[in-house]
Amino acid sequence: MADVKKLYIKTYGCQMNVYDSERMAEAMGGSGYVETQDPAEADMILLNTCHIREKAAEKVYSELGRMKQLKLDKPDLKIGVTGCVAQAEGEEIMRRQPLVDLVVGPQSYHRLPEMEARVRAGEKALDTEFPIEDKFDTLRHRPKARRGPTAFLTVQEGCDKFCAFCVVPYTRGAEVSRPAGRVLEEARDLVERGVREITLLGQNVNAYHGAGEGGDWGLARLVWALSEIDGLERIRFTTSHPNDMDDDLIAAHGECAKLMPYLHLPVQSGSDRILKRMNRSHTAESYLRLIERIRAARPDILLSGDFIVGFPEETDADFQATMELIEAVNYGSAFSFKYSTRPGTPAAERPQVPEEVKTERLYRLQELITRQQRAAQDAMVGRRVGVLFEKAGRMPGQMVGKSDHLHAVHVTGDVAIGDLRQVEIIESGPNSLAGRLLSS
Ligand code: 5AD
Ligand code: SF4
């Protein structure tokens with residue numbers, strides 16, 4: 001039997017990176033690696049990086065700097081950089097940091113085992129190609145390990161939208177959708193392994209248009225096909241662009257019982273002037289009309305969004321328009337960021353907003369969002385919702401799961417991981433809800 005080697009993966013950034021890290025671990029499993037949580041015992045370390053905000057490359061260099069000692073202690077240790085920073089700055093990383101043996105971009109993970117063999121033989125390996133084929137294809141016949149009740153499933157990658165602040169179209173490349181048959185096959189496989197809730201992932205997931213029976217399938221068609229899988233109880237998707245919310249998908253939110261009442265629909269700003277400069281190709285008004293239609297289809301849907309404050313040339317009035325949009329929508333949750341320049345994107349060249357102005361705007365925006373989030377949570381008290389239980393809670397006998405609306409809910413009672421139960425919400429705390437199990 002081949003030696004068991006240990007793999008340590010550190011994942012930064014979005015859920016898509018979490019999914020990719022799982023696939024990388026599976027791919028490396030074929031080369032005799034098992035995962036470890038301890039970098040000190042690893043034979044290979046992979047940093048799965050994110051480039052979307054912060055000073056991503058600098059973070060990677062300082063993390064690599066900290067690994068110097070590990071490599072001195074264990075000269076056979078191999079170190080790789082994967083993900084979007086690898087894609088954007090791979091060659092530069094190899095040049096600047098000799099510790100790095102391997103650089104692989106997000107489109108090339110299926111070639112990891114072969115790259116690992118080269119690295120073991122003492123070479124350096126770099127692959128940042130954009131292949132056309134389905135990169136997950138080679139992993140289709142992996143061993144069927146049991147899984148927890150929830151899983152991510154990537155259905156689409158890349159983005160053609162070119163928002164003026166964003167690196168994704170450059171690091172993840174053009175939009176590519178996986179064929180519907182492959183997605184369904186992977187979903188069935190996950191369900192056989194114990195999964196009851198699947199979150200479909202894509203940088204622009206609702207732009208999905210995968211080849212399927214009878215032609216290209218949109219996301220709504222894929223959701224309906226997934227909903228026919230016995231044992232799969234819940235479907236979610238993220239992240240969506242307002243311009244790709246088509247009628248079928250809106251209707252599915254009203255009609256498909258397995259599609260959960262939660263939608264992450266980033267708007268970024270409430271000012272038309274800024275939206276235009278962001279190259280968003282929607283207005284505040286068109287977004288609000290869209291929300292109306294979605295709520296008409298599914299009145300109790302919980303909405304979440306992304307906001308950027310301090311985009312170049314954002315005035316007080318522009319920021320005020322964002323606050324007004326938030327008031328008008330009433331979000332259940334949101335992610336908000338100070339604009340940060342990403343080299344190579346158009347907005348990086350524009351006049352910047354002072355840091356202290358960004359800080360103050362972010363504070364005010366987050367205060368408003370927190371209030372709305374809390375109100376949405378409080379409004380759940382007295383309601384009956386489905387909860388899929390995922391783990392034990394902190395108190396003895398307590399179990400924690402996610403509600404249909406993606407709130408964390410804890411109950412005390414006879415319930416197992418993977419159970420989907422009706423729960424009456426009895427209390428709303430700062431970060432979670434307390435519930436009472438209803439008889440099944
Ligand atoms: N600065 C700040 N936030 C950004 N995002 C993307 N690029 C930037 C940037 N340069 C945010 C957007 C996006 C989310 C994933 O990250 O709000 O929706
Ligand atoms: Fe980036 Fe999303 Fe805009 Fe695409 S739609 S460029 S991923 S923010």
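Trainee: How many nonpolar, polar and charged residues does the shell around ligand 1 have?
Mentor: In this predicted model, the shell around ligand 1 counts five nonpolar, two polar and four charged residues. Among the residues that surround ligand 1 are Arg53, Gln268, Asp306, Lys338, Ser340 and Arg342, together with Ile52, Phe165 and Tyr339.

Trainee: And which polar side-chain atoms lie 2.6 Å from an oxygen atom of ligand 1?
Mentor: Gln268 places a polar side-chain atom 2.6 Å from an oxygen atom of ligand 1, and Asp306 likewise has a polar side-chain atom 2.6 Å from an oxygen atom of that ligand. With Ser340 a backbone N or O atom is involved, lying 2.8 Å from a nitrogen atom of ligand 1.

Trainee: How much of the accessible area of ligand 1 does the protein cover?
Mentor: On its own, ligand 1 has 410 Å² of accessible area, and the protein covers 89% of that.

Trainee: Which elements give two or more residues to that shell around ligand 1?
Mentor: Those are strand 15 (302-309) and strand 16 (333-338).

Trainee: Switching to ligand 2, what surrounds it?
Mentor: Ligand 2 has Cys159, Cys163 and Cys166 around it, and its surroundings also include Phe162, Phe165, Asn204, His241 and Arg280. By class, the shell of ligand 2 comprises seven nonpolar, two polar and two charged residues.

Trainee: Last one, what domains does the chain have?
Mentor: The assignment gives domain 1 (5-127), domain 2 (144-260) and domain 3 (384-437), and the C-alpha centres of domain 1 and domain 3 are 36 Å apart.

Notes
Residues numbered from 1 in each chain as written. Chains lettered and ligands numbered in written order. Predicted model: local features only at pLDDT ≥ 70, side-chain atom pairs only at ≥ 80, totals over all residues. Heavy atoms only, no water. Domains from an automatic or database assignment. Near = heavy atom within 4 Å. Nonpolar A, V, L, I, M, F, W, Y, C, P; charged D, E, K, R; others polar. Polar contact = N/O pair within 3.5 Å; in protein donor to acceptor, adjacent residues only side chain to side chain. Areas by Shrake-Rupley, 256 points an atom, 1.4 Å probe, with all protein chains shown as cover. Helix = DSSP H or I, 4+ residues; strand = E, 2+ residues; numbered from the N terminus.
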